[in-house]
Amino acid sequence: LGARVTIAACDVADRDALADLLASIPTETPLSAVMHTAGVLDDAVIQALTIDQLDRVLRVKMDSTLHLHELTRELDLSAFVLFSSFAATFGAPGQGNYAPGNAFLDAFAECRRADGLPATSVAWGPWGEGGMAEGGVGERMRRHGILEMAPGLAITALQQALDHRDTTLTVTDIDWKRFTVAFTAGRARPLLSEVPEAVRVLESSGFGADVETAGGALAERLSGVSPAERERILLDLVTSHVAAALGYPGPEAVEIGRAFKELGFDSLTAVELRNRLGAAAGLKLPATLIYDYPNSAALVRHLDESISGAGANVAAPVAVRAATDDEPIAIVGMSCRFPGGVQSPEDLWQLLVAAGDALSEFPADRGWDLDAIFNADRDHQGTSYIREGGFLHDASRFDAAFFGISPREALAMDPQQRLLLETSWEAFERAGIDPLSMRGSRTAVFAGTNGQDYLGLLAGAAQSVEGHVATGTAASVVSGRVSYAFGLEGPAMTVDTACSASLVALHLAVQSLRAGECELALAGGVTVMSTPGTFVEFSRQQGLASDGRCKPFSAAADGFTPSEGVGMLLVERLSDARRNGHPVLAVVRGSAINQDGASNGLTAPNGPSQQRVIRQALANASLTSDQVDVVEAHGTGTTLGDPIEAQALLATYGQGRPEDRPLLLGSIKSNIGHAQAAAGVAGVIKMVLALGRGVLPESIHLDEPSPHVDWASGAVELLTEAQPWPVTGEPWRAGVSSFGFSGTNAHVIIEQAP
């Protein structure tokens with residue numbers, strides 16, 4: 001199969017042996033499987049071909065040549081001309097199904113000539129002015145120094161070959177400098193030793209030297225210079241070869257921190273770069289080089305260690321043992337986007353202290369049929385009986401270039417991924433950390449989600465975003481994209497427990513830090529409703545508030561209002577935060593998660609389970625219930641969920657408290673609606689802000705407490721108005737609850753920064 005694979009040991013002119021070999025392999029067998037069996041690297045350009053297709057390509061030239069030979073061998077011909085290809089002369093990456101057929105023509109011409117018959121096989125390069133070398137194939141050939149021939153000049157060459165009775169020759173237009181460097185990189189190429197133009201290039205560039213000589217020259221050049229100068233020399237070497245392999249105008253066009261894949265490398269150019277650098281550095285480098293060291297900066301470090309021998313002396317990373325104490329976890333950075341134009345935690349605080357209502361009409365920029373969606377009839381199929389919710393009206397805005405993402409890929413990305421990239425960047429910055437400095441760090445990402453409906457909007461743009469849809473809409477990539485963009489090497493996990501997802505993500509981040517799996521962790525959640533499906537579904541379930549407002553624990557509560565948002569927390573062990581000089585906004589004192597199990601309905605909340613998760617969180621925090629001052633509740637405003645949650649709070653936090661210090665209870669959903677997978681982290685950010693300011697904002701729409709709750713059974717009081725944080729002589733503490741649609745419950749206890 002061309003220059004990449006040798007099939008058995010059959011003579012190239014032995015048609016029957018080759019045909020028999022091909023016939024022995026099932027015709028539907030992918031060529032990549034044959035190559036894998038042969039123990040060679042798959043060629044991405046031809047791996048989709050099957051043996052049947054390969055056989056057909058070979059037979060086109062082999063059968064035609066043999067038929068022509070048999071029909072004319074007794075005739076007195078003046079010429080017998082075969083059109084071969086330069087792929088048979090030099091080998092051609094990506095042309096594994098083409099080179100052997102043309103090699104057969106060259107060999108057959110020699111056989112005819114040996115029998116005294118006329119034969120001329122011309123191995124042509126690409127023809128210009130409408131030839132076959134168009135598009136990506138032609139671009140790749142030009143990049144390697146194979147240029148399109150002027151047709152008139154090629155015809156003249158053909159006439160000369162016939163006049164001189166040449167048997168085999170190659171006719172192509174070559175940029176010898178570019179071609180020789182590409183063709184000889186990392187390999188001896190005696191074929192070029194008699195081509196004067198190629199010899200001059202080899203002598204002037206040093207590529208004619210063997211690998212050991214080239215490597216010795218580089219090592220000598222690097223010896224005795226400063227580390228900064230070594231880095232500069234190696235960076236020039238790498239970027240020069242990257243530019244040459246990709247056809248860039250020069251090394252200055254190579255972004256050293258950008259992934260090689262994003263620069264344009266494919267499997268062929270990756271191997272070419274490996275060969276080039278191996279020859280220049282005198283090293284044996286793996287074919288997976290650019291995947292192991294995915295940008296120029298990382299590759300420079302690897303080459304430096306390999307040349308100096310330092311890499312062999314670097315000890316393997318030491319595994320960090322799990323912590324044995326229950327040291328608090330510090331929240332050192334926060335960022336968010338929520339309805340009402342909230343772009344930061346400070347914006348959110350202004351909304352809360354102003355008792356603001358952030359809900360609005362359906363967005364007009366998402367392709368929703370606004371006239372058809374709304375129908376006041378609660379039983380009407382396919383519609384919503386409310387037309388307001390909590391929306392991020394700028395969710396479509398994204399600076400793709402800032403994150404090194406192409407416009408096509410950005411279009412295929414769920415806006416939830418885009419928002420997590422932005423808020424993760426901001427969480428680092430707000431902690432006083434340069435986001436770019438995190439590359440290679442043991443930083444984890446735990447991101448909550450409750451589904452992706454963006455794929456439905458891509459139907460009209462299917463062709464323009466092909467190749468990016470899978471990663472753009474996969475739940476796993478919600479967290480993985482953040483790790484990839486920032487080069488984070490701690491655990492990455494997307495959590496979908498519906499409404500409790502972001503608190504579960506925070507719980508997992510705390511566990512990961514304490515287990516020594518990471519040094520820092522991003523934890524949060526995101527929800528963007530790309531379609532109105534949530535409104536339609538919960539309209540059928542009669543679960544939406546008639547006025548589009550969440551009224552938690554209120555007598556007027558009649559359902560919830562879906563909303564959107566994203567919140568991201570940056571957390572680390574308290575001792576690490578102090579040592580690193582990061583701001584400690586609050587600490588996570590304890591957390592717990594559990595499940596309703598076989599409760600009264602798949603989606604129905606369960607009071608005993610909520611009590612258990614609260615008691616477990618208190619136990620994990622080494623606290624008693626009276627040491628927590630306030631709870632930011634799940635509090636959606638539903639007639640079933642709120643009484644169940646309130647009774648669980650009364651049975652836990654409401655017991656054993658001083659009469660003058662009841663548990664204070666509120667819910668941010670009264671301001672921004674139910675932000676779903678971002679709801680829990682919204683409550684955490686609200687409480688961290690309140691801890692820092694000593695003020696508890698009011699929860700709006702609470703004119704009268706729900707009559708379905710026995711408020712006298714415990715010491716719990718609703719935050720119907722703002723009030724100072726109670727002074728108790730202990731650090732201020734708050735509990736935050738989230739209960740998932742799936743039955744997964746989470747409770748987190750946060751504490752005032754020491």
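Guide: Start at Phe-398. Its relative accessible area is 18%, under the 20% limit, so Phe-398 is buried. Bear in mind that this is a predicted model. Phe-403 comes next. With a relative accessible area of 17%, Phe-403 is buried as well. The rings of Phe-398 and Phe-403 form a pair. Their centres lie 5.7 Å apart and their planes meet at 5°, so the pair is stacked. A plane angle under 30 degrees is what counts as stacked here.

This pair belongs to a cluster. Ring pairs link Phe-398 and Phe-403 with Phe-402, Trp-425, Phe-428 and Phe-486. Across the model, the count of aromatic pairs comes to 18.

Another pair is made by Phe-104 and Phe-108. Here the ring centres are 5.7 Å apart and the planes stand at 25°, so this pair too is stacked. Both residues sit in helix α5, which spans residues 99–114. They are four residues apart, about one turn of the helix. Phe-104 has 1% relative accessibility and counts as buried. Phe-108, at 9%, counts as buried too.

Thr-65 is buried, with a relative accessible area of 5%. A polar atom of its side chain lies 2.7 Å from the backbone oxygen of Lys-61.

Phe-80 leads on to a charge. Arg-112 lies over the face of Phe-80, at 3.7 Å from the ring centre. Elsewhere, the charged end of Arg-693 sits over the ring of Trp-349, 5.3 Å from its centre.

Arg-693 takes us to a helix and a sheet. Helix α29 covers residues 679–693 and packs on the sheet. The sheet is open and has 11 strands with mixed pairing. Their order is β10-β9-β11-β12-β6-β13-β20-β19-β14-β15-β17. β10 (492–495) and β17 (716–718) stand at the edges. Each has a single partner strand, so one side of each is left without a neighbour in the sheet. Neighbouring strands are turned by 25° against each other on average, direction ignored.

Within this sheet, β13 (residues 586–595) and β20 (residues 744–752) run antiparallel, joined by nine bridges.

Gln-676 lies in the loop between α28 (669–672) and α29. Its phi is near 60°, a positive value in a residue other than glycine. At 8% relative accessibility, Gln-676 counts as buried. His-701 is in the loop between β16 (695–696) and β17. Phi of His-701 is near 65°, again positive in a residue other than glycine. His-701 counts as partly exposed, at 26% relative accessibility.

Technical notes: Residues are numbered from 1 along each chain as its sequence is written. This is a predicted model: local features need pLDDT of at least 70, side-chain atom pairs count only at pLDDT 80 or more; totals for chains, interfaces and linings use all residues. Side-chain values use heavy atoms; hydrogens and water are left out. Two strands pair if DSSP finds at least two bridges between them. Helices (H or I, at least four residues) and strands (E, at least two) are DSSP runs, numbered from the N terminus. Axes are lines fitted to C-alpha atoms, for helices over the stretch in contact, and angles run from 0 to 180 degrees between N-to-C directions. Contact means heavy atoms within 4.5 Å. Rings of Phe, Tyr and Trp (its six-membered ring) pair if their centres lie within 6.5 Å; planes under 30 degrees apart count as stacked, over 60 as edge-to-face and the rest as tilted. Buried means under 20% relative accessible area, exposed over 50%, partly exposed in between (1.4 Å probe, protein chains only). A charge sits over a ring if NZ of Lys or CZ of Arg is within 6 Å of the ring centre and within 35 degrees of the ring normal. A polar contact is a pair of N or O atoms within 3.5 Å; within protein, one must be able to donate a hydrogen and the other to accept it, and residues adjacent in sequence count only if both atoms are side-chain atoms.
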